[in-house]
Amino acid sequence: AFAPEKVIAVRAAWADAEPDLAMRLIRATWRAARWLSQPASRGLASELLSKPQYLDLPPELLEHALTGEFVTTPEGDTRRSEGFLEFFDGAAGFPWKSQAEWIARQLAARAKISPEDAVAAARQTFRSDIYRAAMQGVAHDLPSASAKLEGALSEPTAVGSTGGRLILPRDAFFDGRIFEPSDPA
């Protein structure tokens with residue numbers, strides 16, 4: 001499914017003290033994600049990331065992850081997993097409040113902490129307002145809402161957006177459950 005496995009996180013105090021720099025960082029990350037979404041960029045990205053000062057892994061291994069094409073047998077048979085890693089399309093970098101709440105509720109249940117406290121902290125962490133402010137003036141199609149039903153899309157679906165062209169990918173959970181945020185604001 002379309003999971004939020006990539007984040008950019010900074011301390012709230014830093015974002016408050018350096019709003020211009022925070023917004024420039026968000027835009028730079030968006031540009032890097034757009035570059036990574038291009039198939040022609042993945043070979044160079046694999047070479048760069050393979051260097052010892054970064055991941056220190058074989059570039060071929062990294063390229064498999066970036067392209068979603070995996071060797072599945074000792075004979076070299078491959079399997080393609082479309083969208084295995086998505087950096088850009090389908091609002092991949094957007095900080096959905098609903099994802100924040102879903103993650104918070106899962107962590108609270110496992111850590112036996114107050115779900116209300118966890119959700120409150122998560123809502124302060126996934127800052128769609130800062131993301132939207134940073135992306136003003138950039139030709140980027142943003143979702144109209146900051147929350148959605150999580151796990152409800154069984155196929156790519158057009159949704160309301162600033163440019164009218166946003167298609168969210170399938171995000172169905174393996175168990176078929178749907179998470180409805182308690183407060184989609």
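Predicted model: local features only at pLDDT ≥ 70, side-chain atom pairs only at ≥ 80, totals over all residues.

Biologist: Which residues line the second largest pocket?

Modeller: The lining is made up of W102, Q106, R110, F173, F174, D175, R177, I178 and F179.

Biologist: And what volume does the second largest pocket have?

Modeller: The volume comes out at about 170 Å³.

Biologist: OK, aromatics now. How many aromatic pairs are there?

Modeller: The count is five aromatic pairs. One of them is W30 with F88, a tilted pair at 5.6 Å centre to centre with 55° between the planes.

Biologist: Which parts of the chain does the pair of W30 and F88 tie together?

Modeller: W30 is in helix α2 (residues 19-36), while F88 is in the loop between β2 (78-80) and α5 (97-111), so the pair links parts 58 residues apart in sequence.

Biologist: Are W30 and F88 buried or exposed?

Modeller: W30 counts as buried because its relative accessibility is 8%, under the 20% cut-off. F88 is buried too, at a relative accessible area of 17%.

Biologist: What about F70 and F84, how are those rings arranged?

Modeller: F70 and F84 are edge-to-face, with 4.7 Å centre to centre and 75° between the planes. F70 sits in strand β1 (residues 69-71) and F84 in the loop between β2 and α5, so this pair ties together parts that are 14 residues apart in sequence.

Biologist: And how accessible are F70 and F84?

Modeller: F70 has 24% relative accessibility and counts as partly exposed. F84 is partly exposed as well, at 44%.

Biologist: Which residues form the aromatic cluster?

Modeller: F94, W96 and Y131 form one aromatic cluster. There's also a lysine to look at there: K148 lies over the face of W96, 5.1 Å from the ring centre.

Biologist: Switching to the core. How many residues are in the largest nonpolar core, and which have the most contacts inside it?

Modeller: The largest nonpolar core has 18 residues, and A91, F94, Y131, M135 and L168 have the most contacts inside it. F94 and Y131 also belong to that aromatic cluster.

Biologist: Which elements give two or more residues to this core?

Modeller: Those are α2 and α7 (128-135). The largest share, four residues, comes from α2, the helix that also holds W30.

Biologist: Where do nonpolar side chains tend to be in soluble globular proteins?

Modeller: They tend to be buried together.

How values were computed: Residues numbered from 1 in each chain as written. Heavy atoms only, no water. 1 Å grid on protein atoms, 1.4 Å probe; cavity = no way out; pocket = protein on both sides within 12 Å on 5 of 7 lines; lining within 4 Å. Points joined across faces, edges and corners; volume = space filled by probe spheres on them. Phe/Tyr/Trp six-rings, centres within 6.5 Å; stacked < 30°, edge-to-face > 60°. Buried < 20%, exposed > 50% of the residue type's maximum accessible area, 1.4 Å probe, protein only. Lys NZ or Arg CZ within 6 Å of the ring centre and 35° of its normal. Core = buried A, V, L, I, M, F, W, Y, C linked by side-chain atoms within 4.5 Å.
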